Amino acid sequence: MPASRFLHHNSFTAPKLACLALAALAGFHSASLTAAEKTPNIVLIFMDDMGYADPSPFGGDPQLTPHLAELAARGRRFTDFYVAQAVCSASRTALLTGCYNVRVGIQGALGPQSRIGINPDETTLAEICRQKNYATACFGKWHLGHHLPFLPLQHGFDQYFGLPYSNDMWPFHPEVRQLPMEERLKRWPHLPLIENNTIINPAVSAADQTELTRLCTEKATAFIDRCGNQPFFLYLPHSMVHVPLFAGSSFQNRSGKGLFADVLMEIDWSVGRIVETLRKNNIEDNTLIIFT
């Protein structure tokens, strides 16, 4: 059977992030039935602040997102649904736990001064997958608490690489850019890059941000390669297209239509690399891909 694919999008004027807990479970159930004894892999690609008509399956420029167009053509496209809350941390809480964010105590967007995060008593999609002997990984923006008890490895993921919160939560935030650096840091400290439970870069720069999409994609494809015959849950919550926008060196000025289009092209390239890796490993037909 061909792989099941879902593309979910909502209106730019409506909530920007989608809770896929029910959709993911419905897709998992369907894939399990059609794959008979095989346990399907799950790839969940979660976008940040992408508008409804940005990718071509929803009206965007077809030259910018050909790989997303292919997913839509071969899979299913959903156009109308609800999100628990139209903010980063709250929506991710609902996505990964299947609970309304208010019921589990996460509101809005947690910042570097926040002391709370996802509660250890909550069960995440990754923890559910582990019960079925899945390998699990998260590469990208977490935003469910940046202190050690709240990081992905403590909530069902075997591997993690990425930013603990939004990429604009740093000393170059527009609200403080006019202040001396000493004053900026009181409000927005340096942005860390984390691998597993370790900060590997305590002060992410603009140059570092240009590499985020590429690095997360490379981590994701390497994870797929390593899994072999073991089923896996890959959660890929990109930092882009949240502002500030950064495109990798191979995509800067590539679209001829501005920085946002360049960033969108790189995201589409990332989707293509994921699909290509699944095909190379002969597991595309047993993988559920969800892009939202």
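I began with α2 and α8, which pack at an angle of about 55° with their axes 7 Å apart. Axes here are lines fitted to C-alpha atoms, for helices over the stretch in contact, and angles run from 0 to 180 degrees between N-to-C directions. That angle makes α2 oblique to α8; under 35 degrees counts as roughly parallel, over 145 as roughly antiparallel, 65 to 115 as roughly perpendicular, and the rest as oblique. Helices (H or I, at least four residues) and strands (E, at least two) are DSSP runs, numbered from the N terminus.

I noted that this is a predicted model, in which local features need pLDDT of at least 70 and side-chain atom pairs count only at pLDDT 80 or more, while totals for chains, interfaces and linings use all residues. Residues are numbered from 1 along each chain as its sequence is written, and side-chain values use heavy atoms, with hydrogens and water left out.

**α2 against α8**

I listed who meets whom, where contact means heavy atoms within 4.5 Å. From α2 come Pro66, His67, Leu68, Glu70, Leu71 and Arg74, and from α8 come Asp268, Trp269, Val271, Gly272, Val275 and Arg279. By class I have six nonpolar, two polar and four charged residues in this contact. The classes are: Ala, Val, Leu, Ile, Met, Phe, Trp, Tyr, Cys and Pro nonpolar; Asp, Glu, Lys and Arg charged; the others, Gly among them, polar.

**α7 against α8**

Next I looked up α7 (residues 212-227) and α8 (residues 259-280), whose axes come within 10 Å and cross at roughly 10°. The two helices are therefore roughly parallel to each other. On the α7 side I found residues including Thr213, Thr217 and Ile224, which belong to a contact with an α8 set that includes Trp269, Ile274 and Leu278. The contact of α7 with α8 has six nonpolar, five polar and five charged residues.

**Cores**

A nonpolar core is a set of buried Ala, Val, Leu, Ile, Met, Phe, Trp, Tyr and Cys residues joined through side-chain atoms within 4.5 Å. Buried means under 20% relative accessible area, exposed over 50%, and partly exposed in between (1.4 Å probe, protein chains only). The largest core has 50 residues, and Phe139, Phe223, Phe232, Leu234, Val241, Ile274 and Phe291 touch the most other members. I checked the suppliers: α8 gives the most to this core, with nine residues. Another core of 21 residues lies apart from it, with Leu95, Leu96, Cys138 and Leu288 among its members.

**α3**

I found ten of the ten residues of α3 (residues 88-97) buried. After α3 comes Gly98, with a positive phi near 75°.

**Two polar residues**

Thr287 is in strand β9 (residues 287-291). I have Thr287 as buried, with a relative accessible area of 2%. Its side chain makes a polar contact of 3.2 Å with the side chain of Asn41 and reaches the backbone oxygen of Ile283 at 2.7 Å. A polar contact is a pair of N or O atoms within 3.5 Å; within protein, one must be able to donate a hydrogen and the other to accept it, and residues adjacent in sequence count only if both atoms are side-chain atoms.

Asn201 sits in strand β7 (residues 198-201) and is buried at 18%. Its side chain makes a polar contact with the side chain of Asp208 (3.0 Å).
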